[in-house]
Amino acid sequence: MLVGCAIRPERNHMPQTLPVSLGDRSYEIVVQTAFDGLGERIRALEPTRLAVIADQTVADLYGAELLAELTEAGLRAELIPFQPGEEAKCLRGLEILSGALLSHGLDRKSVVVALGGGVTGDLAGFVAASYMRGVRFVQVPTTLLAQVDSSVGGKTGVNLPGGKNLVGAFHQPSLVWINIRTLQSLPPRQFACGMAEVVKHGVIRDADYFAFVEEEQDAIQGLEADALEHVVAGSCRIKAAVVAEDEREGGVRAILNFGHTVGHAVETLTGYGTVTHGEAVSLGMVAAARLSASVLGMPAEDVRRIVRLLDGLNLPVSTDRLEPDEALRVMHGDKKAAGGTLRFALSPAIGRATVHSVEDTDLVGRVVESLQQPPEELAP
Ligand SMILES: NC(=O)c1ccc[n+]([C@@H]2O[C@H](COP(=O)([O-])OP(=O)(O)OC[C@H]3O[C@@H](n4cnc5c(N)ncnc54)[C@H](O)[C@@H]3O)[C@@H](O)[C@H]2O)c1
Ligand SMILES: [Zn+2]
């Protein structure tokens, strides 16, 4: 539990509804402090059958509450729990959950509800994408990472022993329902992980949003409803806008990789599970900001603000565990490297980003090496 904080509905609290415009695959994201109303929205989809897929932890925390909300709307749903953890996001998981849908009698007009973090969204989303060649699904994300990132955009999939997210599909949900109150039970490290993507959204698209997170970081970390809702809705809006411009990642969507090129190297070299994805991306963003300063002239003050904010959000901004040559080797093997040069999402100033090929490998190496020193940006 995050210490000493409870989400209270505050001043004139109004749920926010954000449209995601993708032609006939358009849908809405609802940001709320409860599940109230979700049942009605799902009933409007007229499902023949309904299954809620959740990992056991989330099923124990929120399964009964969600089922009660569905029952109140006159819906009957089966709760299908699975073992928590990234390991469940595999082909065997797909097989087991698809089998469970079949045994509960779900047909092509049924709806799958994904209740949980990014693992559940990716796995249950891919089950929905492939079961009977595709059934509708509703995302009910319960981690900050899932609420601000993975539940928006329609990427679903599972891992292979050879790598992450190698089998999957684009499958847009019919609805995303975000109950920010579920963040109360999220461990602080998981919360910080989601905040890394929040910072990224500000850097690549919206300077005002970045400034809001800077100013309100205590309220956000204290889980105050107004601040948190503004952050979650703001990130969804930014990601949805980028995705709407480029649903299948042919172009602009790649700016969402800001901090992720070096971030993936951190994850690969320190071992998945040792650092969280958000911690790796935090280090990657420090590197991307410094590279942006060298390549695009990002102002030193902007680099400083990014480092300070990440540090204030309890995310790492330096590491003694990343060897530049090894990092370069991993980055060159990464799928984002095209034709030998490294591709980076870079920002000329907070609020904007574009994708660049960087040929100067020595420069990239020096930037990675700079992560070994405590950042001078934090000096008083
Ligand atoms: N599809 C995309 O666009 C996209 C984007 C980013 C990440 N991802 C994927 O997301 C996954 C990571 O997501 P994640 O960090 O949410 O992992 P996760 O789903 O495993 O959740 C992390 C842990 O938190 C627990 N949990 C979830 N909600 C909780 C709550 N409200 N209270 C207490 N505990 C809770 C879960 O049981 C789990 O143990 C990765 O597999 C990654 O590849 C996908
Ligand atoms: Zn990420």
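**Entry 1: the zinc site**

I looked up H277 and found it partly exposed, with a relative accessible area of 24%. The cut-offs are these: buried is under 20% relative accessible area, exposed is over 50%, and partly exposed lies in between (1.4 Å probe, protein chains only). This is a predicted model, where local features need pLDDT of at least 70, side-chain atom pairs count only at pLDDT 80 or more, and totals for chains, interfaces and linings use all residues. Residues are numbered from 1 along each chain as its sequence is written, chains are lettered from A and ligands numbered from 1 in the order in which they are written, and side-chain values use heavy atoms, with hydrogens and water left out.

Which residues coordinate the zinc ion (ligand 2)? I noted E197 (OE), H260 (NE2) and H277 (NE2), at 2.0 to 2.1 Å. Donors here are N, O and S atoms within 2.8 Å of the metal (3.2 Å for Na, K and Ca); water is not among the atoms, so the site may look incomplete. Along the chain, the donors follow the spacing E-x62-H-x16-H. E197 sits in helix α6 (residues 188-205) and H277 in helix α11 (residues 277-296), 80 residues apart. Helices (H or I, at least four residues) and strands (E, at least two) are DSSP runs, numbered from the N terminus. E197 is buried, at a relative accessible area of 0%.

**Entry 2: an aromatic pair**

I counted one aromatic pair. Rings of Phe, Tyr and Trp (its six-membered ring) pair if their centres lie within 6.5 Å; planes under 30 degrees apart are stacked, over 60 edge-to-face, and the rest tilted. The ring centres of F35 and Y62 are 6.4 Å apart and the planes stand at 70°, so this pair is edge-to-face. F35 lies in the loop between β2 (27-32) and α1 (38-43), and Y62 in helix α2 (residues 56-72), 27 residues apart. F35 is buried at 2% relative accessibility. Y62 is buried too, at 8%.

**Entry 3: strand β3**

Is β3 (residues 50-55) enclosed or open? Six of its six residues are buried, so the strand is largely enclosed by the rest of the structure. I checked both faces: L50, V52 and A54 are buried on one side, and A51, I53 and D55 on the other. In a regular strand the side chains alternate between the two faces of the sheet.

Next I checked the neighbours. Two strands pair if DSSP finds at least two bridges between them. β3 runs parallel to β5 (residues 111-116), with four bridges. V52 has V113 as its bridge partner there. β3 also pairs in the parallel sense with β4 (residues 78-82), over five bridges. In β4, D55 is partnered by F82.
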